[in-house]
Amino acid sequence: MTVLPYVLTVLIVFLVSVFLRLLYFLPGFNPTKPQPHVCGQPTRLLIVLGSGGHTTEMLSLLYDLDPSLYTHRSYVVSSGDNFSALKAIEFESALKGKPDEASVPSTYDICVIPRARRIHQSLMTTPVSSLRCLSACFAILRTSGTQQSSNPIAGQDHAEKAGERIIHYTYPDLIIANGPATAVLVIAASLLLRFFSFRGTEGKMRTVYVESWARVNTLSLSGRILVAGGMVNRMLVQWEHLARKGQGEFRGALVR
């Protein structure tokens, strides 16, 4: 019987510590400024693509993307979403075809993750598929790689002899999403990695969520979850009256 008060005390201290830790690192409750970008520093941008209209909107948002600032781009698509994967490839081809960007050293990859919930899937099995999706999100966030400043086929020894530079990327510097439920799991995975202070996560994985242009009067379910949980650094809406309701920032219509 005398042990119970000590157990309760430890439990209360633990829960209070977790709560304070959440308040400290959740961007919605403790806003912080991004670290200044150093010119020439490799930067990884992770882009969550939905399907259909979400993908079209996202790529429209990125039309003026400067690949010299975001030197590696990771596109996240759900399994079976060939439309989004093909659109990402087309976007990258168009990006490299721009006269001012053709010589900019940059790379990209497409990451496929399991769907959190398929159409007409039973709610009984949704938690299992969501956990599979969350596990895959951890994997893509922790993916690391190298990028060569010119000939991508040549080996590292050749690049070093030619005076070229091999640059490395790890966790995304910025995550941008605009609507699909998958975005919530990607952002949740990034927050868990930061919560447990995994090596290399400091100053990484800032998040920007852009609410769909189609959401005129209310936020989407994904948007409401992210706002209520204080899970994103920036929440952008495309209708001014939503910003007046305190549901995000309005920076004008972002979709072309």
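Trainee: By class, how many nonpolar, polar and charged residues does the lining of the largest pocket have?

Mentor: This is a predicted model, by the way. In it, that lining has 14 nonpolar, 8 polar and 9 charged residues. The pocket holds about 870 Å³ of space. Among its 31 lining residues, Thr-43, Leu-45, Tyr-70, Asp-173 and Leu-174 are the closest to the centre.

Trainee: Which strand gives the most to the lining of the largest pocket?

Mentor: That's strand 7, with 4 residues. Helix 2 (53–61), strand 6 (174–177) and strand 8 (234–237) are also among the elements that give two or more.

Trainee: Next, Ser-220. Why is Ser-220 called buried?

Mentor: Buried means under 20% relative accessible area. Ser-220 has 11%, so Ser-220 is buried. You'll find Ser-220 in the loop between strand 7 and helix 7 (221–228). Leaving out residues up to four places away in sequence, Ser-220 touches Tyr-209, Glu-211 and Arg-215.

Trainee: What makes the pair of Phe-195 and Phe-196 edge-to-face?

Mentor: Planes over 60 degrees apart count as edge-to-face. Here the planes sit at 85°, with the ring centres 5.0 Å apart, so the pair is edge-to-face.

Trainee: And is Phe-196 buried or exposed?

Mentor: Exposed means over 50%. Phe-196 comes in at 55% relative accessibility, so Phe-196 counts as exposed. Phe-195 has a relative accessible area of 17% and is therefore buried.

Trainee: Why is the pair of Trp-213 and Trp-239 called tilted?

Mentor: Stacked needs planes under 30 degrees apart, edge-to-face needs over 60, and the rest are tilted. For Trp-213 and Trp-239 the angle between the planes is 40°, and the centres are 5.6 Å apart, which makes the pair tilted.

Trainee: What does that pair tie together?

Mentor: Trp-213 lies in the loop between strand 7 and helix 7, and Trp-239 in the loop between strand 8 and helix 8 (240–244), so the pair ties together parts 26 residues apart in sequence. Trp-213 is partly exposed at 44% relative accessible area, and Trp-239 is partly exposed at 27%.

Trainee: Last one: which residues touch the most other members of the largest nonpolar core?

Mentor: Of the 32 residues in that core, they include Leu-46, Ile-113, Cys-137 and Leu-226. Helix 6 (181–195) is one of the elements that give two or more residues to this core, and the largest share, 9 residues, comes from helix 6. As for Leu-226, leaving out residues up to four places away in sequence, Leu-226 touches Val-184, Ile-187, Tyr-209, Met-231 and Val-232.

Key: Residues are numbered from 1 along each chain as its sequence is written. This is a predicted model: local features need pLDDT of at least 70, side-chain atom pairs count only at pLDDT 80 or more; totals for chains, interfaces and linings use all residues. Side-chain values use heavy atoms; hydrogens and water are left out. On a 1 Å grid over the protein atoms alone, a cavity is a set of points where a 1.4 Å probe fits but cannot get out, and a pocket is an open set with protein on both sides within 12 Å along at least five of seven lines; lining residues have an atom within 4 Å of a point. Grid points are joined across faces, edges and corners, and a volume is the space filled by probe spheres set on the points. Ala, Val, Leu, Ile, Met, Phe, Trp, Tyr, Cys and Pro count as nonpolar, Asp, Glu, Lys and Arg as charged, and the others, Gly among them, as polar. A nonpolar core is a set of buried Ala, Val, Leu, Ile, Met, Phe, Trp, Tyr and Cys residues joined through side-chain atoms within 4.5 Å. Buried means under 20% relative accessible area, exposed over 50%, partly exposed in between (1.4 Å probe, protein chains only). Contact means heavy atoms within 4.5 Å. Rings of Phe, Tyr and Trp (its six-membered ring) pair if their centres lie within 6.5 Å; planes under 30 degrees apart count as stacked, over 60 as edge-to-face and the rest as tilted.
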